Amino acid sequence: MSSTSLSTALLPHPRPPRQEIDDLVRSFLGPRRRAGHGILPEVAAADEDLGAREGEVYRAAGFTGPTRIEIPGHVVVRSADDVVASVFSLSSAAPHLFGDRVGDVEAGLRQLLAAAGPDGRFSEQMAGTTVDVWRR
C-alpha cells in the first residue's frame with residue numbers, strides 16, 4: 001500500500017483539516033498564494049520536466065547517474081500547537097503576511113483543530129523522499 005493511499009482509519013488520530021486550513025488562510029490573504037512579500041506564480045513546472053532538465057545539466061557537466069534512493073514516508077503524531085506552527089512555517093502563510101490579524105488567524109486555526117480533533121492530537125502520513133545521487 002502506498003503512503004498516499006493509507007486510510008485515515010489506520011491512523012491513531014484524525015488528520016488535521018488541511019483543506020479547511022487552506023480555506024481559512026485564503027479568507028485572510030485572498031486566492032493567490034503568497035510567498036515572502038510577493039505572490040507565487042500560478043503554474044509551477046511539472047516535476048518530470050524539471051527532472052529531465054536537471055538531468056541534462058548534470059550530464060553536460062560530466063556527471064553520471066543518477067542512482068535513485070527512495071526513503072519511505074512515515075506517520076507522525078502532532079499536537080495542535082505543532083499543526084499551528086506547521087501552518088505559520090509555510091512561506092504562503094507566514095505570520096507577517098497577516099499583519100495585525102495574525103491573532104485572528106491563529107484563533108481560527110485553533111477552532112478548526114478543536115472541532116477536528118477534540119483531544120488536540122493529529123496524525124499525518126508524511127510523504128516519502130526521493131534522492132538522486134549523481135557521480136563524477
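**Exercise 1. Decide whether Arg15 is buried, partly exposed or exposed, and place Arg15 in the chain.**

Solution. Arg15 has a relative accessible area of 31%, and therefore counts as partly exposed, where buried means under 20% relative accessible area, exposed over 50%, and partly exposed in between, with a 1.4 Å probe and protein chains only. The structure is a predicted model, in which local features need pLDDT of at least 70 and side-chain atom pairs count only at pLDDT 80 or more, while totals for chains, interfaces and linings use all residues. Residues are numbered from 1 along each chain as its sequence is written, and side-chain values use heavy atoms, with hydrogens and water left out. As for its place, Arg15 lies in the segment before H1; helices (H or I, at least four residues) and strands (E, at least two) are DSSP runs, numbered from the N terminus. In space, the C-alpha of Arg15 lies 9.6 Å from that of Leu113, although the two are 98 residues apart in sequence.

**Exercise 2. Work out whether His13 is buried or exposed, and list its contacts beyond four places in sequence.**

Solution. Begin with the location: His13 belongs to the segment before helix H1 (18-29). Next, the relative accessibility of His13 is 16%, so this residue counts as buried. Finally, when neighbours within four places in sequence are left aside, His13 is in contact (heavy atoms within 4.5 Å) with Val77, Asp119, Arg121, Phe122 and Ser123.

**Exercise 3. Describe the span of H1 and find where its buried residues lie.**

Solution. H1 has 12 residues and reaches 16 Å from its first C-alpha to its last, close to the 16 Å expected at 1.5 Å a residue, the expected span being 1.5 Å times one less than the number of residues. The buried residues in H1 are Ile21, Leu24, Val25, Phe28 and Leu29. Seen down the axis of H1, these buried residues fall within an arc of 120 degrees, so they line one face of the helix; the arc is that of the directions from the helix axis to the C-beta atoms. An α-helix has 3.6 residues a turn, so residues three or four places apart point the same way.

**Exercise 4. Identify the backbone features at Gly30 and at Pro66.**

Solution. For background, most residues other than glycine have a negative phi, and most peptide bonds are trans.
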